[in-house]
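Thanks for coming, everyone. Please bring up the sequence and the structure, and we will walk through them together.

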Amino acid sequence: MTGAAQLCGALALLLSFALLCQRRLRMSVCLCVVQALLVALATGLQGTLPLALFALLAFGLNGLVLPLALLRIGDRADRQPGFGAPALALLAVVLVAVAVAVAMRLGTGTRTEALAVALSIVLLGLLRITGTSALGLLSAQNGLILAAGAIPGLPPLVLAIVAVPCLPALMVALAWLRRFDRLDAAPP
Amino acid sequence: MNLALPILVVVLPFASAAVLGVVASWRIGSLINAASASLLFLLTCLLPGAASTVLHVGPVQAHLALLTSFVAMTTGWFGVRHVRAALDARLTGRRRVRIQQVTFQVLVGATILALLSDSPALTWLALAIAVAAATSASLTPRGAAPDAASRLLALCAVGLMLALFGTLLLYLAAEPNPASLRWSALLLAGSPRNAALELACIFLLLGYGTLAGLVPLHGWLPEAAAGPAPNAIILTSLLVNAPLLVILRLRGCMPADLLLALGLASLLLAACCMSSRLDPRRAVAFAGMALVGLIVFAFGLATPLHALLLMTLLPLARAAALQCEDLSPTRASAWTSTACVLALAALPPFALFLIAGATVDHSAWLLPPLGIGVLLTSWALIARLPLSVGPAARRDSGNETVALAPIWLQLAMLLILAVAMPEPVLDWFRDMTISIR
């Protein structure tokens, strides 16, 4: 991982914190898009063609299509989590510490750092599910993309599974259904 | 033929789902559903000994696929009757019935794919498909439904995300040649353990444990059990076996204490959640969760034979209990549902009886909490007797024996496996145990 890629990863982690504290949907979606862009840069900058294609596909789906769809739907089910912003931030710091401690068991080096950042983003994204589920899953998917970029020689099936965000897409679809709730509108 | 058979077994349910998506009539649809599940059972009977390049059909996989297709078959028969009763009672619409039939087949196919697939990534994909199908099936008409579905999806998605991270770490552990990673090779080689593999196992345990209904994120299980009946049966009884198989394969690399703790915590929590005010389906779901806790506990004790026996008994008992739901209130059906509840209540003490010796060998202090959990679970089930009959079931229909036959078939299998245990069956289980060692 080059220095630029490392910088992108660190900025993406920073955005995860920002996302955790952000309550407005439009701003959160913007943060998600920027995070996806940073993650795609960190992955694509490693220079191999399959990874660059993977990063492009992942950014297209996870960074453009789904966030824009979410913005258009306007997920109204943003629940306030049970605890306030300070507690949330504290919990996030603890999660990052756990992620770093876990990743350090794999040894040291740039790959370990990338995995630590990726795991932190995943865990913070999963923490964000307590608010807007779809946004949290999108952010977690970004972390997985970063992790997949840090592991060399992954078979194409794995890259495809990580690049296509099926679970966030499902969540967005559910948000859409919640808005219209028209599954049973047809006469029986 | 032999090479194509496993692929045919996986493809058949998905093909039936595609056909069901086009068929407009619910009558023909439910018949197709039952016929396809029966055909699937016949095909899986030929499965032991089949070989495949993409899929791996070991003794355990063949056994669990056979079990899956058997319960899918009885549930398909149950579905024919259930759909008619639900439509008569105006509990559902025709369009919803069609969605349920399609998702039923997708769930069966995804479960079998997850069991047979040899690649960790494919297993993950199959389970993600199953969760997607379960989510779309649990969208019940109007009102609070999307919330229930999104709760189910949110919890399962957390599990799947952790499992995907674990899968990536698994590929990292297979460092020199990640593309050749296979469950079967991972199992047999006794490959050198490294930090990445152990870490991957912990993530896979937490992630797939969620899908099996283990403790930290088990909240989706009652939501799933409250969904449409045939899908709930597949989801809560059969799908659980696929993540359990992953944990079984990797149990050597997982910390035994973590397995024991998660199993015990699931058992105790499920026992505490089973109050008498729960509706019957949720109670069955929690009883199953207690048993999954016992199974994982058995993994921790390294007694795979007992764990496999329990993994076989659990779906049979759970499915039989859930299939009792819309029987008409006759004497025979009252006896049947009583027998089902008793069978489900007898399983935890039976499991305790199986693993008590190994538990004492490990640490005698584990026995009291285990006993308390088992007693609470069984008592909570027995206290529900006699069962009241559900709202969908007031209609008295003629062919009662036809409806009761599959349930008694499952109860008979349960009895044979748990009590009689003939020699060939025992050999069959021993073969499985050897193949996963």
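First, the ground rules. This is a predicted model: local features need pLDDT of at least 70, side-chain atom pairs count only at pLDDT 80 or more, and totals for chains, interfaces and linings use all residues. Residues are numbered from 1 along each chain as its sequence is written, chains are lettered from A and ligands numbered from 1 in the order in which they are written, and side-chain values use heavy atoms, with hydrogens and water left out.

Chain A, then. It has eight helices and zero strands. Helices here are DSSP runs of H or I with at least four residues, strands are runs of E with at least two, and both are numbered from the N terminus. So the pattern along chain A reads α-α-α-α-α-α-α-α.

How much of chain A is buried? Of its 188 residues, 51%. Buried means under 20% relative accessible area, exposed means over 50%, and partly exposed lies in between, with a 1.4 Å probe and protein chains only. Now contacts, meaning heavy atoms within 4.5 Å. Among contacts in chain A with a separation of 6 or more, 73% join residues 24 or more positions apart.

On to the surface. Chain A exposes about 8000 Å², and carbon and sulfur atoms supply 72% of that. Accessible areas come from the Shrake-Rupley method with a 1.4 Å probe; for residues, only the protein chains shown count as cover. Look at Leu7(A), Leu11(A) and Leu14(A): they form a nonpolar surface patch with about 290 Å² of accessible area together. A patch takes residues with over 30% relative accessible area and no salt bridge; like charges are joined within 9 Å, and nonpolar side chains (Val, Leu, Ile, Met, Phe, Trp, Tyr) within 5 Å. Leu14(A) sits in helix α1, residues 3–21. It counts as exposed because its relative accessibility is 55%.

Next, the interface. Here 37 residues of chain A contact 39 residues of chain B. About 3600 Å² is buried between the two chains, and carbon and sulfur atoms give 80% of it. That buried area is the accessible area (1.4 Å probe) that two parts lose on being put together, summed over both.

How many salt bridges cross between chain A and chain B? One. The rule wants a side-chain nitrogen of Lys or Arg within 4 Å of a carboxyl oxygen of Asp or Glu. The pair is Arg105(A) and Glu198(B), with the closest N and O atoms 3.7 Å apart. Arg105(A) lies in the loop between α4 (85–104) and α5 of chain A, while Glu198(B) is in helix α8 (residues 195–212) of chain B. Arg105(A) is partly exposed at 47%, and Glu198(B) is partly exposed at 26%.

Over all chains, the structure holds two salt bridges. Asp427(B) and Arg430(B) form one of them, at 3.6 Å between the closest N and O atoms. They are three residues apart in helix α18 (residues 423–435) of chain B, so about one helical turn separates them.

Helix α11, residues 241–250, is mostly covered, with ten of its ten residues buried. Asn33(B) belongs to helix α2, residues 26–45. It is buried, at 8% relative accessible area. Leaving aside neighbours within four places in sequence, Asn33(B) contacts Leu20(B), Gln101(B), Phe104(B) and Gln105(B).
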